[in-house]
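Me: I have a chain open here and would like to talk through how its residues are placed. Could you go through it with me?
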Amino acid sequence: MRITILTLFPEMFDGFLTNSIIKRAISKNIVEVKIVNIRDYTLDKYGRVDSAPVGGGAGLIMKCQPVLDCLNANRTENSKVVLLSPRGKTYNQAKAHDFAANSKDLVLICGHYEGIDERVNDYVDELVSVGDYILTGGELGSMIITDSIIRLLDGAIANESTVEESFENGLLEYPQYTEPFDYNGKKIPDILYSGNHEAINKWRKKQSLKLTKEYRKDLFDKYELNKQERKLLDELDSNEQPKWEKMALEKGHKFIK
């Protein structure tokens, strides 16, 4: 896959591209990330890429000429062009999967200053927003999109690492723990030491439902519960230890600390 990012501030990507999963994916040729400086395409004799808005108003607006000349020089007929814009649909994990699976040549345009010339919108395939808040420019948003896509590409990370993450199945991820068992009186749940993987998975699903309902009611309300999940929620409401959990703890007592 190739991801091309058009930006006025290419130096912002130096650390992003040279660390962790992103660096490894690039070195393994899983993805090519190209950072292009929009300033290189301006025809303004003073090298400017922005100007005051026509009709008056605060701030500066990115001019369409350098943006579109930069786009035309770096897109192909197979490119999907995305403009980071507050008008766009809010980016989520489903869209990350869509881009990873269906966009082998993705171009991201980063706006900056007070906005971008309206005519640029006519040359893009999609508008995407990373959230309802104001950023100085689209650079951080493009990093979020790029990071979320790359980790889904085959070989970037172990496949099992992406299966049960938050948002993958519409729920938040269940709690995770590491040794020691007891840290300042806060202990790891005994069920995780039981050795009963069926019971552990059931406990994790219950916790996932609980956390989503508590912290992301918007996600929970959209989630379609199956029969087993409804039963797990009933168990949560009763505050009583269910039979399956009690049996798993009794059988696995020798493994429990």
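Me: Lys186, is it buried or exposed?
Reply: Lys186 is exposed, with a relative accessible area of 67%, where exposed means over 50%, buried under 20% and partly exposed in between, using a 1.4 Å probe and protein chains only. This is a predicted model, in which local features need pLDDT of at least 70, side-chain atom pairs count only at pLDDT 80 or more, and totals for chains, interfaces and linings use all residues. Residues are numbered from 1 along each chain as its sequence is written, and side-chain values use heavy atoms, with hydrogens and water left out.

Me: Which strand is Lys186 in?
Reply: Lys186 belongs to strand E9, residues 186-187; strands (E, at least two residues) and helices (H or I, at least four) are DSSP runs numbered from the N terminus.

Me: Switching to H10, which residues are buried there?
Reply: In helix H10, residues 243-251, the buried ones are Trp244, Glu245, Ala248 and Leu249. Seen down the axis of H10, they fall within an arc of 130 degrees, so they line one face of the helix, the arc being that of the directions from the helix axis to the C-beta atoms.

Me: And what do they pack against?
Reply: The buried residues of H10 pack against helix H7 (197-215) and helix H9 (227-238), with contact meaning heavy atoms within 4.5 Å.

Me: What sits on the face turned away?
Reply: That face of H10 carries the exposed residues Lys243, Glu250 and Lys251.
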